[in-house]
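This report is written to be read beside a sequence and its structure. Please keep both in view.

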Amino acid sequence: MERFSVYRLSLLFLIFLAIKILTWAFGYGMATQGYWELNKKSYLLEFHHLELDPRIYNQGKVDFYSLWRYADAEWYVSIAKTGYPKHKDIIQASQNKAANYRSTEKDVVQKYAFFPLFPAIVNVLSRTLDINESSAAFYVNLLSGIVAVFAFLFFFDQYFPDDTPILEAFTLLFIFPFSLFYSLYYAEILFLALSLLVFAFCKIHRYGLMCIAGILLCLTRPYGFLIIIPILYVLIRDTSRLRQKGWPYVLYAYTCSSIILLGVLPYLALCWKNTGRWDYYSRVVQFGWGGELTSVFHNLIQKFRIALLGFNELPVHGYNYSKIETIVLLFFAAVIIWMWFKRDFPRELTIWSTVIWAVVVAAGPRMSSFSRNMCISFPVFIFWALHTTRWVRLTTIIVFSIGYLIALKTVIQYEWLG
């Protein structure tokens with residue numbers, strides 16, 4: 001790595017560390033001092049839990065590691081602790097006496113909505129270090145973030161070696177209000193790191209490493225396999241150049257890309273082994289969360305009718321629909337359209353952002369997690385940094401920072417953050 005890259009890496013780590021301190025130290029301090037108190041009603045009625053936060057019993061006691069086990073993070077930690085249930089476990093859990101709160105161990109069937117790589121790593125670290133799963137999830141999240149910093153610089157050096165606003169691009173990506181999920185026990189930060197590596201390895205023609213990163217990506221989140229779309233675009237575009245190394249090399253490149261799709265097989269095999277159905281994920285999502293990709297037209301009409309036509313009646317922020325979710329949807333749509341008109345921006349990155357946006361819009365009738373999913377659309381933040389003026393970038397960072405603090409307060413108080 002060149003000296004200048006080491007210098008830039010140091011600056012990226014300083015920004016990363018500053019955001020982590022802001023999030024974990026400041027958030028913990030505000031909770032401990034009682035400035036941001038837990039919303040017990042929201043906590044107990046609207047979310048599932050592996051075990052109750054100590055603040056439920058004593059407002060003065062705050063457990064640092066439990067503080068970041070927010071919302072769906074409970075499911076990841078629960079999977080790390082007790083695994084995915086078998087059919088008999090699902091039946092037995094449904095017959096158990098209900099707890100006085102929504103329990104991840106009673107509604108165990110919903111675990112299948114979450115892919116296994118992140119909780120598997122948490123489980124391994126927990127067993128290796130003999131620590132509880134929440135503590136292990138914290139360290140896995142931190143390590144994933146460190147990998148993401150390296151991956152971001154590696155990616156940026158391959159794609160934009162002559163462009164300078166890497167610090168602004170990195171800051172925009174990590175200070176985006178919903179990028180707060182990078183510091184919670186979610187798979188988003190791992191997904192970000194792996195997707196950056198897939199594109200970087202593809203750019204330098206290291207197809208074997210690209211394949212490995214792609215397979216891991218498929219095991220991280222449900223739509224990870226769709227990265228095959230921009231990768232195939234790159235290969236088709238560059239086939240004539242690849243042919244100069246011979247047809248075996250071309251075949252090797254296409255084979256490695258295709259093998260990425262096989263990354264979903266371990267998860268499907270797990271579903272088949274435990275439940276007897278390979279499509280168990282779609283069934284759980286449909287009946288547990290109301291999402292169904294096969295009803296794309298209905299989902300689009302529903303979002304258009306409520307999010308756009310009914311914008312004035314929406315709450316500022318809410319569980320299913322809100323003004324903030326609609327604004328984020330329109331902002332990302334506008335930037336992605338702008339990306340399509342800029343031919344100097346790598347087309348495969350535009351395709352990837354488009355795929356993420358379109359899948360999240362089409363996947364269900366609600367918008368409860370749309371903004372969270374946009375935090376992994378890293379090309380949008382890079383594009384914004386490259387194609388706006390310095391003052392626009394700085395203004396965006398200020399606006400994002402304010403939103404980030406509001407999002408942090410929302411999570412500490414355990415109110416809904418999409």
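The model is predicted, so local features need pLDDT of at least 70 and side-chain atom pairs count only at pLDDT 80 or more, while totals for chains, interfaces and linings use all residues. Residues are numbered from 1 along each chain as its sequence is written, and side-chain values use heavy atoms, with hydrogens and water left out.

**The core**

A nonpolar core is a set of buried Ala, Val, Leu, Ile, Met, Phe, Trp, Tyr and Cys residues joined through side-chain atoms within 4.5 Å. Buried means under 20% relative accessible area, exposed over 50%, and partly exposed in between, using a 1.4 Å probe and protein chains only. The largest nonpolar core has 146 residues, and Tyr70, Phe152, Phe155, Phe174 and Phe378 touch the most other members. Helix H9 (residues 188–203) contributes the most to this core, with 13 residues. Helices are DSSP runs (H or I) of at least four residues, numbered from the N terminus.

Contact means heavy atoms within 4.5 Å. Apart from its neighbours within four places in sequence, Phe378 is in contact with Phe155, Leu173, Leu192, Ser195, Leu196, Phe199, Leu349 and Trp352.

**Two helix pairs**

Axes are lines fitted to C-alpha atoms over the stretch in contact, and angles run from 0 to 180 degrees between N-to-C directions.

| Pair | Angle | Axis distance |
|---|---|---|
| H9 and H10 (residues 207–218) | about 155° | 8 Å |
| H7 (residues 133–159) and H20 (residues 378–387) | roughly 55° | within 13 Å |

Angles under 35 degrees count as roughly parallel, over 145 as roughly antiparallel, 65 to 115 as roughly perpendicular and the rest as oblique. H7 is therefore oblique to H20. This contact joins Phe152, Phe155 and Phe156 of H7 to Phe378, Ile382 and Leu386 of H20. By class, it has six nonpolar, no polar and no charged residues. Here Ala, Val, Leu, Ile, Met, Phe, Trp, Tyr, Cys and Pro count as nonpolar, Asp, Glu, Lys and Arg as charged, and the others, Gly among them, as polar.

H9 and H10, by their angle, are therefore roughly antiparallel to each other. Their contact has twelve nonpolar, two polar and no charged residues. Among the residues that meet are Phe191 and Ser195 in H9, and Tyr207 and Gly214 in H10.

**Isoleucine 259**

Is isoleucine 259 buried or partly exposed? Its relative accessibility is 31%, so isoleucine 259 counts as partly exposed. Isoleucine 259 lies in helix H13 (residues 247–259). Not counting residues up to four places away in sequence, isoleucine 259 touches Cys211 and Ile215.

Notes
Helices (H or I, at least four residues) and strands (E, at least two) are DSSP runs, numbered from the N terminus.
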